[in-house]
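Subject: Structure for your review

Dear colleague,

Please find the structure below, with the findings set out after it. I would be grateful if you could read the two side by side.

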Amino acid sequence: MKKNKIIKFFLLIGGGLLLGLVAFMVAEAASSGAVLAKLEKEERMLAAENQSLSVELVRASSLVNFEIYATKMGFIKPQEILYITEKEVFAKLP
Amino acid sequence: MVRTKLVSLLFLFFFAAILGKLFTWQIIRGKDLAEQARSQYWSDKFVAAPRGSILAKDGSWLVASGEAWRVFAEIPKIKQSPKEIAEKLAPFFVEDPSDKKSLLAEIVRLTELLSKKEVVWVPLKQKVSSQSKRDIERAGIEGIGFEVQEDRVYPEGSAAAHLLGFLGKNREGANVGYFGLEGYYDMSLSGKPGFRLQEKDVFGTPILLGESTNISPVKGVDLLTNIDKTIQKILEEKLVEGINRYGASGGTGIIMDPNNGAILAMSSYPSYDPQKYYQYGDEFFKNPAVSDSFEPGSVFKVLVMAAALDAGVVEPDTRCEICDGPLKVDKFLIETWNQKYHPDSTMTEVIINSDNVGMAYVGQKMGADKLYEYLDKFGIGKPTGIDLQGEIAPPLREKGKWSVVDLATASFGQGVAVTPIQLIKAVSAIANGGKLVTPQVVDRLLGENWEDDIKPIIGPKILSDKTVEQIKAMMVEAAKNGEAKWTHLRGFKVAGKTGTAQIPIAGHYDKEKTIASFIGFVPADKPKFIMLVTLREPQSSPWASETAAPLWYSIAKNLFPYFGIRPENY
């Protein structure tokens, strides 16, 4: 009789624990879904930012832009190209 | 007792009502409702694969994948009047908001769209920039939404538009590459879209314990081309300058490495802006370098002469026996371009003087069948195999069906049609020692974790070493002492040839309009590049020696330092 009571007690405790665990897991899964949704949103935002930075980088690497910057910095296109022979002495110390 | 019956009847009635409703939900509308329920807790969508980029030789971008937005309106959610919304949106949708006319037209267009009460969803504008999207969002207009769209970014603007092609839409509204590289490599560039199926709760939050399928998109392949941005820029700038200077209606330039067929630059004008392709007519999209044919005129003489030398029917010092005056062939009279005749001129002099009679003599020596065989070996009449969409190959007159007139005129480049790319491919065989190479724009395909090196396609040797040396020497002399000698850059060993071709119209040749071209490679002994320049209908002079040749040299002059080409004695 006493043995049955002990078994019942443990079954009750076990069942309770199991129920608690299930409830905890369901709650956890539900809140994890929200976290996942938040992470997905964040991922989309970061991807958009990455895309926009990539486009900025692409535009900045344009040769046309380089030419504009170079001109602003004082570089000019050579007007005339002079070819000199290797043997030709063009600067000589006295 | 009565009360019990009444309650029982009431229960029965409610039971019947519930049963009826359940029957409606489960049996009659079961399919629709199940579908609606599924759409509520299942979220499925295709995940677009980013389109691959097109890269220049140094890995910098020619075209990159970008992001744009489709602006749409959900009519039932709109709170303000259509006109109010239109006035708020229009400044973001026109190119120049200070242009009152276009702004007003846009307001009218938007008002009309927003006033459509019979529709729920209406697209208002395609490909709106991210900046404009942010600005519109800040305006906080209810009922206005955005959908992401694939866009292309062209850091160099409209440069190399014909070569690159553009990204348009097919009838179903899907992105499709048209023309140039976008068209030819459309499948590789497109990648493979992904798919995502996820179970969601009533708030749209994913259910972790639910079912889900996730197939990741595969990004499109990047194309690493042989295009050199610096060379492309020089070619583009100089070509436009030349077209304006000589009053031409258009022009084409191709620069290629004759040793492996790598296309270093390619440009044609008039051109278009691939970003706004929809603002141009179809005639702008065709790449004249691969899709337009022309009668090459005198530039073709080097191919015929090379064939004759290789066939052993003439030597450089063979003297022309019929060059003392016009040549009568059938009922036609063949004259030189300047009506000056050079009796007993050698074959080298025939090329230097660009002598039509001398070339007709060469043609007669060769015979039609032999000439046909060599032209076939040079790839005339066949597509070059360049990796660009839209290449054409005007057919060569069938073997055995050439008349004496056909043979004579073909000898100096009339009555045969070629595309610029066919011509440069054929002359490259002279430049590189006799091998026919296939022009190639793309050097490598770059995947996410792999790459595929596209090897140069070097064809069989079609000219002997002796022939190559002889024809090169002739071309060097032609550049130095021919009719374009005034523009020749002293000291540089250029092998080149001019060509002034008449334009055939309705069975005869136009008396005034010409296509002027110059083809040349440098240094002649070990060429680093070969370049073809053609000008359509130049107005300042019809002659190539006064238009295409100086333009060729003005481009080459800028390329010499870049290629490290120095004058001979330096």
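A residue is called buried here if 20 or more other C-beta atoms lie within 10 Å of its own, exposed if 12 or fewer, and partly exposed in between. Please note that this is a predicted model.

Helix α9 of chain B

Helix α9 of chain B covers residues 229–245 and has 17 residues. From its first C-alpha to its last, α9(B) reaches 24 Å, close to the 24 Å expected at 1.5 Å a residue. Its buried residues are B:Lys229, B:Ile231, B:Gln232, B:Ile234, B:Leu235, B:Glu236, B:Lys238, B:Leu239, B:Gly242 and B:Ile243. An α-helix has 3.6 residues a turn, so residues three or four places apart point the same way. Against which elements do the buried residues of α9(B) pack? In chain A the partner is α2 (63–72); in chain B the partners are β11 (250–256), β12 (263–269), β21 (529–536) and α18 (548–563). After α9(B) comes B:Gly247, with a positive phi near 60°.

Helix α16 of chain B

Helix α16 of chain B, residues 420–431, has 12 residues. The helix α16(B) reaches 16 Å between its first and last C-alpha, close to the expected 16 Å. This helix is mostly covered, with 12 of its 12 residues buried. Among them are B:Pro420, B:Gln422, B:Lys425 and B:Ser428, as well as B:Ile421, B:Leu423, B:Ile424 and B:Val427. α16(B) is followed by B:Gly433, whose phi is positive, near 100°.

Backbone features in the loops

Two cis peptide bonds deserve mention. One runs from B:Tyr269 to B:Pro270, with omega near 5°, and B:Pro270 is placed in the loop between β12 and α10 (288–291) of chain B. Another runs from B:Val522 to B:Pro523, with omega near -15°; B:Pro523 has its place in the loop between β20 (508–522) and β21 of chain B.

B:Ala160 has a positive phi of about 55° although it is not a glycine, and B:Ala160 is found in the loop between β5 (144–153) and α6 (161–164) of chain B. Is B:Ala160 buried or exposed? B:Ala160 counts as buried because 30 C-beta neighbours lie inside 10 Å. For B:Glu537, which is not a glycine either, phi is positive and near 50°. B:Glu537 lies in the loop between β21 and α18 of chain B. With 18 other C-beta atoms within 10 Å, B:Glu537 is partly exposed.

A sheet in chain B

An open sheet of 3 strands in chain B has the order β1-β8-β9, with antiparallel pairing. Its edge strands are β1 (42–47) and β9 (212–215), each of which pairs on one side only. On average, neighbouring strands of this sheet are turned by 15° against each other, direction ignored. How many bridges join β1(B) to β8 of chain B? There are 6 bridges between β1(B) and β8 (residues 194–199), and the two strands run antiparallel. B:Val47 stands opposite B:Gly194 in β8(B).

Domains of chain B

The domain assignment divides chain B into domain 1 (68–149) and domain 2 (229–563). The centres of these domains, taken over C-alpha atoms, are separated by 53 Å.

With kind regards

Methods. Residues are numbered from 1 along each chain as its sequence is written. Chains are lettered from A and ligands numbered from 1 in the order in which they are written. This is a predicted model: local features need pLDDT of at least 70, side-chain atom pairs count only at pLDDT 80 or more; totals for chains, interfaces and linings use all residues. Helices (H or I, at least four residues) and strands (E, at least two) are DSSP runs, numbered from the N terminus. The expected span of a helix is 1.5 Å times one less than its number of residues. Two residues are in contact if their C-beta atoms, placed from the backbone, lie within 7 Å. Two strands pair if DSSP finds at least two bridges between them. Axes are lines fitted to C-alpha atoms, for helices over the stretch in contact, and angles run from 0 to 180 degrees between N-to-C directions. Domain bounds come from an automatic or database domain assignment.
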